[in-house]
Structure formats: structure tokens, C-alpha cells
Amino acid sequence: MIAAWSTLFPLFNASRTSVLERNFISTNESLFAADALCEDVNAVFFDANKDGFTDLLVVSGGNEAGGKSTLLPDRLYINNGKGGFHKSTTFPSVYENKSVAAPADIDNDGDLDLFIGGRVVVGSYGAAPNSYLLINDGKGNFTIADSHLAPGLQNIGMVTDAAWEDLDNDGWIDLIVAGEWIPITFFKNVHGHLNNTTKKVADKNLTGWWNCIKLVDIDGDGDKDILAGNLGENSKLSASSQFPLKMYVSDIDKNGITDQLLAVENQGHYYTFLGKEEIEKQLPSLVRKRYSNYTAFASQTIEGILGASATTMRILNAATLSSIVLINNGKGKFSERKLPKEAQWFPVYSFLPGDFNNDGITDLICSGNFSGVLPYEGKYDTGYGTLLLGTGKGAFRPVAPLESGLRLTGEVRDSKIIKRADGKKIIAFAFNNNKVRFYTIN
């Protein structure tokens with residue numbers, strides 16, 4: 001009955017953005033304009049100084065600024081309780097390209113501390129950037145924690161997202177981290193110290209190109225499961241536990257620039273993903289002199305091309321490209337389950353859970369896309385916002401775009417449900433380098 005009704009009346013209607021924008025009042029323009037040149041990659045509201053008002057932390061990133069650029073430090077804006085903000089002068093200046101900030105009371109002292117994830121080392125993709133734990137003194141003053149507080153976390157890899165949850169119900173909040181070329185990683189909080197317990201928690205090594213994670217009770221059993229957005233299965237790339245996707249990282253031609261070679265498996269051997277022409281642009285001294293024609297290059301494995309240097313290079317692995325849900329067994333142990341194929345057609349950058357058809361079961365909107373690729377690879381733009389209606393126990397029924405009413409062309413990077421003053425709810429979808437788009441819920 002629900003399917004028939006929603007075919008006639010889509011669950012979501014696109015709203016005129018200009019009309020809804022008039023319902024929002026812009027504030028603190030001069031304050032935020034002063035930092036307009038910063039690349040804002042994440043923002044989070046939390047009460048930093050325990051005065052009862054939510055403050056705003058904006059995370060800086062981007063792959064353009066490097067070194068001690070004034071565009072890189074994150075910005076903490078303190079709320080005066082009347083909607084006015086001023087910029088904190090004591091927040092630590094971290095000169096890194098970062099991706100996410102996640103607040104939590106790590107040490108159970110009643111205030112909110114922070115995890116800030118490093119995205120990439122500018123100009124050296126594949127190298128592990130620094131990530132940080134920032135400890136709050138209760139007055140909104142943060143200090144960078146020593147690395148011994150969370151062994152392995154500082155250089156865990158290229159982080160894209162993070163979340164906190166007490167996974168084992170021991171009263172201490174635990175950390176889950178996701179990123180590119182790293183597994184979904186679990187840090188158990190032992191009285192304020194974080195220990196990597198991934199091998200004890202996950203049922204397999206889930207290295208991937210993870211874009212986002214979201215904690216939500218998918219199967220209705222009272223504990224939080226983990227949604228994880230990945231590249232998807234609609235590309236020229238494939239990966240498995242037996243034959244993971246590989247990337248070789250090093251300054252191969254010794255010119256001071258980090259090189260990256262993506263390698264794919266074919267009949268048990270690994271070959272470069274890109275052909276001779278593209279790799280020759282990157283490494284002319286390695287390719288042009290040794291391979292005079294395409295046939296000679298095509299028959300070479302990546303070990304054959306790199307020679308002895310292959311054994312000394314850093315090799316990154318991705319064992320799955322599928323977007324998944326990790327089901328919690330209630331004791332802090334997780335098992336993998338793939339999302340439906342309709343959620344595998346595009347890279348997922350955002351999950352929006354909610355009961356969209358009012359049947360008491362959690363539904364899900366998956367959105368994303370990515371366009372910053374070579375023509376050979378082709379744009380990842382087949383996602384229009386996939387609605388998955390929950391059927392109970394963690395299963396989903398995909399909904400066609402005409403039935404859902406979603407038409408999210410472009411690169412979605414986040415989505416939120418907003419409650420208006422009149423009690424009605426709207427959905428806001430944030431796009432990369434584009435305006436926010438709104439949908440109303442029928």
C-alpha cells in the first residue's frame with residue numbers, strides 16, 4: 001500500500017531554494033567573511049566552554065595551502081548566547097590539511113574534547129598526515145594530547161570521517177575512524193586512553209576508499225550499527241580480500257615529488273591501472289626510454305616496471321569498494337553486510353537516516369558522486385539520491401527516483417533534516433561548490 005501511494009505522491013518534493021532561503025537570516029557576516037579564503041571542509045556545533053550555548057568549530061583543509069599558511073588552522077567561534085559569535089584566540093593552530101572534527105568527552109570529566117582527522121599531506125598523496133586529540137580544560141581551552149594517549153592514531157592515515165559511540169557499554173565513549181586506504185578502525189576507550197581494537201571488533205580487514213560513516217540503529221535491536229560509504233561497484237576498479245586494489249607510493253624518479261601508481265589485479269598479477277601514455281606524463285624517465293610501444297608496456301607487471309624499487313615502496317591496499325553496513329551484535333562485535341546494488345552505483349559521501357514513510361522502521365537516503373577524475377576513468381555521477389526503505393532487521397527496499405522524488409544531480413557532501421519553527425521538517429542537501437538544496441517531506 002505504501003509503494004502504491006508513494007508512486008502517485010513522491011515521498012519528497014524539491015523546494016524552490018530561493019523561497020526557503022528567505023526563511024533563514026544571515027548573521028555574523030563580517031566575522032565569517034574574514035576567513036572566507038579558508039577551505040571549509042567540516043563544521044560542528046558543540047558547547048566548548050560549558051556555558052550552555054553551542055559554539056561552532058570550522059575545520060580547514062584543501063590541497064592547495066601548505067606549510068604555515070594562515071588558511072590552514074581551524075577556527076573556533078564562541079557563542080555569546082544571543083546568536084552572536086567571536087573567534088577564539090586560544091584554539092591551537094594546527095597547520096594541516098584536515099577533514100573532520102568529532103567532539104566527545106574522552107576523559108569523562110564533563111566537558112567535550114575533540115578528535116580532528118588529517119586528510120592528506122599537501123603534495124604527497126599517500127603519505128600519512130597527522131591527526132589529533134585535543135583535550136578541553138572545561139573552559140574552552142584545548143591542548144594537543146601526547147601521542148601515547150592513543151597509540152597509532154596520530155598517523156593512522158588519510159582520514160575522511162570519524163564518530164564516537166560507547167560500543168561496549170562500559171561508560172567510556174569509543175572512537176571509530178574511516179579514511180582512504182585504511183580499514184574502518186576502532187579505538188576502545190580505556191579510562192581516557194584509546195587502544196586500537198580493530199582486529200577484535202571487525203570480522204574482516206575492511207580496508208577501502210571510505211568517504212563517510214554514520215552510526216544508527218539499522219536493525220532495531222537497540223544498539224548502533226555503522227553505515228560506511230565507499231567508492232561503490234560501478235567503476236573500472238575492483239577489489240577483494242584476496243586481490244585488493246593497490247597503490248605504490250614513493251618518489252620513484254628522485255625529483256622531490258611523491259609519485260603514486262595505482263595497480264589492479266589480472267589473473268593473479270598486478271598491472272598499472274593507467275596506460276603508457278598517462279604514466280609517461282608522470283614518469284617519463286621510467287617509461288619513455290624503456291618502452292618504445294604500447295604492446296611492450298602493456299605486458300609488464302607493475303613489479304616489472306618498477307624493478308627492485310617496488311620492494312622498498314609504500315604499498316597501500318583497499319580490499320573492498322562496496323558501501324556497507326556493519327551490524328552490531330550487541331557486544332561490540334561487527335559483521336559486514338553490503339548495501340543494495342542501487343547504493344553501489346556511485347560513491348557515497350552522505351547517509352541520512354530517518355523514518356520517511358512513517359512505518360516505524362529506519363529508512364536511508366544515500367547520496368554522493370565525484371567528478372574530479374581523468375577522462376579515462378569517467379565521472380562518477382550516476383547517483384541522484386537513493387532512497388532505501390527499511391523493511392525491518394536491517395534489510396532495505398530500494399525506491400525508484402520517480403517514486404522517491406529525489407533528483408540530486410551534482411556532488412552531495414552532506415545532508416541533514418531540519419525542523420522548522422512550525423514543526424514541519426525539510427531536508428537540506430549540501431553540495432560541493434554549489435548551493436544547498438532543500439526538499440520537503442510529504
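The legends below describe close-up views of a predicted model.

**Figure 1. The cysteines Cys212 and Cys366.** The structure holds 0 disulfides. Cys212 takes part in no disulfide, and the nearest cysteine sulfur, that of Cys366, lies 8.6 Å away. Because a disulfide requires two cysteine sulfur atoms within 2.5 Å, the 8.6 Å between the sulfur of Cys366 and that of Cys212 is too far for a bond. Cys212 is buried, with a relative accessible area of 5%. Cys366 is also buried, with a relative accessible area of 0%.

**Figure 2. The largest nonpolar core.** This core has 20 residues. Those with the most contacts inside it are Phe115, Leu133, Leu153, Trp164, Leu175, Val177 and Leu194.

**Figure 3. The surroundings of Leu153.** Neighbours within four places in sequence are left aside here. Leu153 is then in contact with Phe115, Ser131, Leu133, Leu175, Val177, Phe187 and Leu194. Leu153 is itself one of the residues with the most contacts inside the largest nonpolar core.

**Figure 4. Glu180 and its contacts.** Glu180 is found in strand S11 and counts as buried, at 13% relative accessibility. The side chain of Glu180 makes a polar contact with the side chain of Arg119, at 2.7 Å. Not counting residues up to four places away in sequence, Glu180 touches Arg119, Tyr125, Met158, Thr160, Gly208, Trp209 and Trp210.

**Figure 5. The open sheet S2-S3-S4-S5.** This sheet has 4 strands, and the pairing is antiparallel. Strand S2 (40-46) and strand S5 (85-87) stand at the edges; each has a single partner strand, so one side of each is left without a neighbour in the sheet. Neighbouring strands are turned by 20° against each other on average, direction ignored. Within the sheet, strand S3 (residues 55-60) and strand S4 (residues 75-79) pair in the antiparallel sense over 3 bridges. Leu57 stands opposite Leu76 in S4.

**Figure 6. Strands S15 and S16.** Of the 5 residues of strand S15 (residues 212-216), 4 are buried, so this strand is largely enclosed by the rest of the structure. S15 is joined by 5 bridges to strand S16 (residues 225-229), and the two run antiparallel. Leu215 stands opposite Ile226 in S16.

**Figure 7. The open sheet S1-S29-S28-S27.** Here 4 strands form an open sheet with antiparallel pairing. The edge strands are strand S1 (12-14) and strand S27 (412-419), each of which pairs on one side only. The twist from one strand to the next averages 25°. S1 pairs with strand S29 (residues 437-441) in the antiparallel sense, over 3 bridges. Phe12 stands opposite Ile441 in S29. Strands of a sheet pair through backbone hydrogen bonds, either parallel or antiparallel.

Conventions. Residues are numbered from 1 along each chain as its sequence is written. This is a predicted model: local features need pLDDT of at least 70, side-chain atom pairs count only at pLDDT 80 or more; totals for chains, interfaces and linings use all residues. Side-chain values use heavy atoms; hydrogens and water are left out. Buried means under 20% relative accessible area, exposed over 50%, partly exposed in between (1.4 Å probe, protein chains only). A nonpolar core is a set of buried Ala, Val, Leu, Ile, Met, Phe, Trp, Tyr and Cys residues joined through side-chain atoms within 4.5 Å. Contact means heavy atoms within 4.5 Å. A polar contact is a pair of N or O atoms within 3.5 Å; within protein, one must be able to donate a hydrogen and the other to accept it, and residues adjacent in sequence count only if both atoms are side-chain atoms. Two strands pair if DSSP finds at least two bridges between them. Axes are lines fitted to C-alpha atoms, for helices over the stretch in contact, and angles run from 0 to 180 degrees between N-to-C directions.
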